[in-house]
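Please read the points alongside the sequence and the coordinates.

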Amino acid sequence: AGSLATLREALLEQGRLDTLKLPGLSKERASVIAGATVIFETAFTVLGIKRLHACDSSMREGLLWDMLGRLEGCDPRSFSIHALARRYGVDHDQAQRVEATALLLFEQVATDWKLHDETREWLCWSARIHEIGLAIAHSQHHRHSSYILRHADLAGFSWQEQALLSTVLSAHRRKPDKSLFAALPERYRKKAYHITALLRLAVLLRRSRRPEVLPPVVLTAAGPCLHLQLPRLWLSQHPLTEADLKQEISLLAELDLTLKVSAIPPQS
């Protein structure tokens, strides 16, 4: 803090930025040094910072370390998702049930939809934090979740990646807003549609929030068409889930996805 005060006084003594000369200060930095000094000194005062250590590395090195971490299974984004779930008191057991169900569905359509491990990872992240909005209110909690994701400071995620997660969480229940998908970068749109569809179905199949074993579930895909099959007996024993799945047909149509729900033919 004392060094900043010394720097401030040196700047005031010289008086002009266009003729500013300080040891080690390049011409490119001269125009911004005064504003940066004011911001730093204010931050030190308000936040009670005593000392700041300069880093010799640049953003390029940081990006390389981030990429190496992802390749070696130490993705900082996973730590950010875990921290977010803890901060907002997510029901860990329910999130695990939804994630496991979403992955079960993912494996069945991955080949037909040409889904890769990266999409699988995004689906897992979405499942782990899809209920963070419950910390704010139960009503419209999917919108609260989306708002948190869009404005949170998540280490490892770009703003576009946060927008992808935010869109999926916003659309994981109720009527999805297609305009949110249209606002995403084109390379993310199809991925967002696929993740949203699988997460929505997983949430519906786990609507009871109980650790019950699911029956055999068969999901097939052909382009934008999904066909979900469940045992007839199980559907009759879960009428609310069956009603929700029937309603899901029209809701997924908002995303130009066609869903068919039927009973698995009984074995002869």
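The structure, which is a predicted model, holds 14 salt bridges.

**Salt bridge between Glu41 and Arg8**
- Glu41 forms a salt bridge with Arg8, and the closest N and O atoms are 2.7 Å apart.
- This pair links distant parts of the chain, with Glu41 in helix α3 and Arg8 in helix α1 (residues 2–14), 33 residues apart.
- Glu41 has a relative accessible area of 18% and is therefore classed as buried, the limit being under 20%.
- Arg8, by contrast, is partly exposed, with a relative accessible area of 30%.

**Salt bridge between Glu99 and Arg128**
- The side chains of Glu99 and Arg128 meet in a salt bridge with an N to O distance of 3.0 Å.
- Glu99 counts as buried because its relative accessibility is 13%, whereas Arg128 is partly exposed, at 31% relative accessible area.
- Elsewhere, salt bridges that share partners join Arg8, Glu9 and Glu41 into one network.

**Salt bridge between Arg209 and Asp91**
- Arg209 and Asp91 form a salt bridge through their side chains, at 3.4 Å from N to O.
- The two residues are 118 positions apart and connect distant parts of the chain: Arg209 lies in the loop between α11 and β1, and Asp91 in the loop between α5 (76–87) and α6.
- Both partners are partly exposed: Arg209 has a relative accessible area of 36%, and Asp91 has one of 34%.

**Surroundings of Gln94**
- Gln94 is located in helix α6 (residues 92–113).
- With 2% relative accessibility, Gln94 is buried.
- A polar atom of the Gln94 side chain lies 3.1 Å from the backbone oxygen of Arg206.
- Leaving aside residues up to four places away in sequence, Gln94 touches Glu131, Arg206 and Arg209.

**Positive phi angles**
- Most residues other than glycine have a negative phi.
- Arg209 is not a glycine, yet its phi is positive, at about 60 degrees.
- The loop that holds Arg209 runs between α11 (186–205) and β1 (218–222).
- Arg174 is likewise not a glycine and has a positive phi of about 60 degrees.
- Arg174 is found in the loop between α9 (159–170) and α10 (178–182).
- Arg174 is partly exposed, with a relative accessible area of 46%.

**Nonpolar surface patch**
- Which residues make the nonpolar surface patch of about 300 Å²? The patch is made by Val46, Leu47 and Ile49.
- Leu47 is part of helix α3 (residues 33–47).
- Leu47 is exposed, having a relative accessible area of 62%, where the class requires over 50%.

Notes. Residues numbered from 1 in each chain as written. Predicted model: local features only at pLDDT ≥ 70, side-chain atom pairs only at ≥ 80, totals over all residues. Heavy atoms only, no water. Helix = DSSP H or I, 4+ residues; strand = E, 2+ residues; numbered from the N terminus. Buried < 20%, exposed > 50% of the residue type's maximum accessible area, 1.4 Å probe, protein only. Patch = residues over 30% accessible without salt bridge, like charges linked within 9 Å, V, L, I, M, F, W, Y side chains within 5 Å. Areas by Shrake-Rupley, 256 points an atom, 1.4 Å probe, with all protein chains shown as cover. Salt bridge = Lys/Arg side-chain N within 4 Å of Asp/Glu carboxyl O. Polar contact = N/O pair within 3.5 Å; in protein donor to acceptor, adjacent residues only side chain to side chain. Contact = heavy atoms within 4.5 Å.
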